[in-house]
Amino acid sequence: MSRNPSSITSSKSDASQRQPRDTSGQQPRRKNEPAADGGWFVYIVRCRDGTLYTGVTTDLDRRVQQHNDGTGARYTRSRRPVRLVHAEPCHNRGDALRRELAIKALSRDEKQLLIAGR
């Protein structure tokens, strides 16, 4: 099925309706891009009941605060406060998510060794 270009109606071009581009040099950050001052992190927090939670973020301080405010993951809401016990920088979101899965596949003892730095 082909489209007939003459049947497509068009008003002014999009370019003529756009606001002038901000030339301050900074583009808005997309959802899956890291913050300007750093990249992605995979982290482990220890909950009040001693359990471990693993996640990814671009801002460790903000994310731990979200967990402690009760606006983070559902798992940590009833296990507050949480404490950051391990963090690893990653190059991009994909690397962070792959590392998160690898950590989640570890046994608790293996996670304890990772946290201890061994």
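## A buried strand and its helix neighbours

Strand 2 (residues 52–57) is largely enclosed by the rest of the structure, because five of its six residues are buried (buried means under 20% relative accessible area, with a 1.4 Å probe and protein chains only). Helices (H or I, at least four residues) and strands (E, at least two) are DSSP runs, numbered from the N terminus.

This is a predicted model, where local features need pLDDT of at least 70, side-chain atom pairs count only at pLDDT 80 or more, and totals for chains, interfaces and linings use all residues. Residues are numbered from 1 along each chain as its sequence is written, and side-chain values use heavy atoms, leaving out hydrogens and water.

Which way do strand 1 and strand 2 run? Strand 1 (residues 40–46) and strand 2 run antiparallel, joined by six bridges; two strands pair if DSSP finds at least two bridges between them. Across this pairing, I44 stands opposite T54 in strand 2. The hairpin has five residues between the strands, and G50 takes a positive phi near 90 degrees there.

Now let's visit helix 2 (residues 60–69), where V64 is found. H67 is found in helix 2 too. Here is how buried these residues are:

| Residue | Relative accessibility |
|---|---|
| V64 | 14%, buried |
| H67 | 0%, buried |

Leaving aside neighbours within four places in sequence, V64 is in contact (heavy atoms within 4.5 Å) with V45, V82 and L84. V64 and L84 are 20 residues apart in sequence, yet their C-alpha atoms are 6.9 Å apart in space.

With residues up to four places away not counted, H67 touches residues including Y43, Y53 and T76.

Terms used
Buried means under 20% relative accessible area, exposed over 50%, partly exposed in between (1.4 Å probe, protein chains only).
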